[in-house]
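Please look at the sequence and the 3D structure below before reading on.

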Amino acid sequence: MNASTGRSGRPELPRITEHPRLTDRMEAARALDVRALAALLSDPDPRTTAGLAAAADETMRAEVGDAVRFRGLLEFSNVCRADCLYCGIRRSNGTVHRYTLSRDDVLAAARHCAEAGYGSLTLQAGERRDAAFIDYVCRVLESMKTETRGPDLPDGLGITLSVGEQSPDTYRRFFEAGAHRYLLRIETSSPELFARIHPPGQRYADRRAALHAVRDAGFQVGTGVMIGLPGQTVEDLAADIRFFAIEGVDMIGMGPYLPHASTPMGSGQHLGEGERAQLLDRTLRMIALTRLVLRDVNIAATTALQTLDVLGRERALQGGANVVMPVVTPVSVRSGYQLYDGKACLDEDRTMCAGCISGRVAWTGRPVEANRWGDAPHFERRNRE
Ligand code: SAH
């Protein structure tokens, strides 16, 4: 699809034209000066967002190229032992109908991704650590590798796994079974804030140790944070970017925190127009600054961003992001995976998603990298070094 077809019938995407150059301030931010990062995040001049986006776009093109990479997102189970105070599928939310997809359903979704040219799949679920679940995931991973091979994908789909905190041994088993990337958000790099948004049994130190175990198992490592958590400061967010750099991660998935009414944090909380606009702006600045600092990693334009604003993902793609994750979860269970209220695309089946998302990407004028795993150059570079 060409850009003009994709553009038809949509409101005009704001063009990045006039903006301040911000050169000196960005140099300080790149050197991981937390105060400089925080100042850029909170700068009241609205043109700062466009300035950062333009610089991030330049860095992205130089370091990872301008192609957008797709990963189908399959939310294969919402059963969860964790009780995160912000999350709609937390264990204590009795209003959720719990599901786990059958092996056949998972493989059908994987084949769809391969046929749609996505090249990669992200398998996400709530957290379970019992032997039955771990065995199930391993078996599914093994079948997926063989079943998605074809002339366009001789090694099958690239697979990212995201099933929370597991033991080092379990991470090794998942890696050996065929997943090669793992996504585990730190949620916030502030131990104090982390403690406020989780129950006492879920500890920051454990999450961080799990992230290291993921790397030691051989995975390409993805992490991220939620933006706009109650009580979170711009200094916290600046420290999050420094955390990503210190940890040397390969992929970033971050988005706005959005309230869910059936959670302790979200009940009675509603975002007004002004708050949504500010949250969008802050998230876009976080994405741009993360690109400027980390340079050669993959950065996702997340579904939560699209829920916040209809053009949220496109704006992220214009300012440093290079990955989109079309949801391929069967429509029959989608409403069971509501991490926050108002999640986008609840009733669109995966064929509609494929059409919509290609149109949206074409509209930004970026080429799509089809039938590739699309690993971040950072991973190879860190291995060499
Ligand atoms: N069990 C997996 C997957 C968790 S859900 C794990 O522990 O990694 C994936 C991500 O959704 C979480 O890491 C969190 O950052 C995000 N999320 C959960 N609730 C959210 C909310 N209310 N608003 C925005 N993002 C949320």
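Is arginine 295 buried, partly exposed or exposed? Arginine 295 is partly exposed, because its relative accessible area is 33%; buried means under 20% relative accessible area, exposed means over 50%, and partly exposed lies in between (1.4 Å probe, protein chains only). Arginine 295 sits in the loop between helix 11 and strand 10 (298-301). Although arginine 295 is not a glycine, its phi is positive, at about 65 degrees.

This is a predicted model, in which local features need pLDDT of at least 70 and side-chain atom pairs count only at pLDDT 80 or more, while totals for chains, interfaces and linings use all residues. Residues are numbered from 1 along each chain as its sequence is written, and side-chain values use heavy atoms, with hydrogens and water left out.

Helices (H or I, at least four residues) and strands (E, at least two) are DSSP runs, numbered from the N terminus. Two packed helices are described by the angle between their axes and the distance between the axes. Axes are lines fitted to C-alpha atoms, for helices over the stretch in contact, and angles run from 0 to 180 degrees between N-to-C directions. A crossing is left-handed if the near helix is turned anticlockwise from the far one by less than a right angle, and right-handed if clockwise.

| Helix pair | Axis distance | Crossing angle |
|---|---|---|
| Helix 10 (residues 234-247) and helix 11 (residues 273-294) | within 10 Å | roughly 30 degrees |
| Helix 2 (residues 23-30) and helix 11 | 9 Å | about 70 degrees |
| Helix 4 (residues 47-63) and helix 11 | within 8 Å | roughly 35 degrees |

Helix 10 and helix 11 are roughly parallel to each other; angles under 35 degrees count as roughly parallel, over 145 as roughly antiparallel, 65 to 115 as roughly perpendicular and the rest as oblique. The crossing of helix 10 with helix 11 is right-handed. In this pair, Val234, Leu237, Asp240, Ile241, Phe244 and Ala245 of helix 10 meet Arg282, Met286, Leu289, Thr290, Val293 and Leu294 of helix 11, where contact means heavy atoms within 4.5 Å. This contact of helix 10 with helix 11 has nine nonpolar, one polar and two charged residues. Here Ala, Val, Leu, Ile, Met, Phe, Trp, Tyr, Cys and Pro count as nonpolar, Asp, Glu, Lys and Arg as charged, and the others, Gly among them, as polar.

Helix 2 and helix 11 are roughly perpendicular to each other, and their crossing is right-handed. Met26, Ala29 and Arg30 of helix 2 meet Leu289, Leu292 and Val293 of helix 11. By class, the residues of the contact of helix 2 with helix 11 are five nonpolar, no polar and one charged.

Helix 4 passes helix 11 in a left-handed crossing. The residues that meet there include Leu52, Ala56 and Met60 in helix 4 and Leu284, Ala288 and Leu292 in helix 11. The contact of helix 4 with helix 11 has nine nonpolar, three polar and three charged residues.

**Aromatic pairs**

How many aromatic pairs does a search of the whole structure find? The search finds seven. Rings of Phe, Tyr and Trp (its six-membered ring) pair if their centres lie within 6.5 Å; planes under 30 degrees apart count as stacked, over 60 as edge-to-face and the rest as tilted. Phenylalanine 70 and tyrosine 118 form an edge-to-face pair, with 5.5 Å between centres and 75 degrees between the planes. Phenylalanine 70 is in strand 1 (residues 68-70) and tyrosine 118 in the loop between helix 5 (103-115) and strand 3 (120-125), so the pair ties together parts 48 residues apart in sequence. Phenylalanine 70 is buried at 5% relative accessibility, and tyrosine 118 is buried at 2%. Elsewhere, ring pairs link Tyr171, Phe175, Tyr182 and Phe219 into a cluster.

**Buried residues**

Isoleucine 357 lies in helix 15 (residues 350-363) and counts as buried at 4% relative accessibility. Leaving aside neighbours within four places in sequence, isoleucine 357 is in contact with Phe70, Tyr118, Arg313, Val324 and Pro326.

Alanine 321, in the loop between helix 13 (312-317) and strand 11 (323-324), is buried with a relative accessible area of 0%. Not counting residues up to four places away in sequence, its contacts include Met60, Ile287 and Arg366.
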